[in-house]
Amino acid sequence: MPREDYQQKLLDLRENVLYMSEVVMERLRMGLDALEQKDTDLAWEVIDGDEEVNQLYLDLEQECIDLLALQQPVASDLRMIAASFKIITDLERIGDLATNLGEYTLEANHDVFPEVDIQELGTLTLDMIEDSMTAYADEDAEGCYGIADRDDELDARCERASEIVVRDLIETELESNTEEEVEQLLQDVSRLLLTVRDLERIGDHAVNIAARTLYMVENDDELIY
């Protein structure tokens, strides 16, 4: 493979990873909107769109394998390819979690615990993904540390949200409800807790992206472990 062609393929890989991140973030936005608006059509669009994300992952995986097999890159190029491979794995998993939001929308019957602001948590996770991908695009090592710091805030907010749900459930007078109403409430509570957990996991994936970017830029594995 001529050197010029090889360098272009590295640039193409980076651009394709960034494109995949845009698709995944759009799926996440749609999943959050579907939840907020109880829009089942939008929920199905998110669920059906997971196939596109999976195909993007497979195509980029093959790009990484081809670059490793055909060129045997060393040093910074090797780190870039390895980091990109890890990042697309995190993006694919974020896509799966966005699909979960679509499925939760289809299953939900009514609002429970409106004091838990799912949209605020979702905005935090979207900002973290966007900033981690900007750090990847710009090779910004300093920006990677900022993502890791913000994850602590997200974790704390998710923990508070879960505590609100559990506390309110304990304080709810279930004796006055029918067995069917109690079962429905428990299902809704479980679904809300799963939503909070999934958003927290998306934040973890954003940190993983930042960690791999830092490794790519500075050969520094501090955030990986």
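This is a predicted model: local features need pLDDT of at least 70, side-chain atom pairs count only at pLDDT 80 or more; totals for chains, interfaces and linings use all residues.
The C-alpha trace spans about 75 × 35 × 20 Å along its principal axes, and 44% of the 225 residues of the chain count as buried. Among contacts between residues at least 6 apart in sequence, 86% join residues that are at least 24 apart. The chain exposes about 11,600 Å², of which carbon and sulfur atoms supply 47%.

Helix α3 covers residues 50–71, and at 1.5 Å a residue its 22 residues should span 32 Å, a value with which the computed distance of 32 Å between its end C-alpha atoms agrees. The residues of α3 that are buried are Asp50, Val53, Leu56, Tyr57, Leu60, Cys64, Leu67 and Gln71. Because these buried residues fall within an arc of 125° when α3 is seen down its axis, they line one face of the helix. On the other side of α3, by contrast, Glu51, Ala69 and Leu70 are exposed. Just after the helix, Gln72 adopts a positive phi of about 50°.

Conventions
Residues are numbered from 1 along each chain as its sequence is written. Side-chain values use heavy atoms; hydrogens and water are left out. Helices (H or I, at least four residues) and strands (E, at least two) are DSSP runs, numbered from the N terminus. The expected span of a helix is 1.5 Å times one less than its number of residues. Buried means under 20% relative accessible area, exposed over 50%, partly exposed in between (1.4 Å probe, protein chains only). The arc is that of the directions from the helix axis to the C-beta atoms. Contact means heavy atoms within 4.5 Å. Accessible areas come from the Shrake-Rupley method with a 1.4 Å probe; for residues, only the protein chains shown count as cover.
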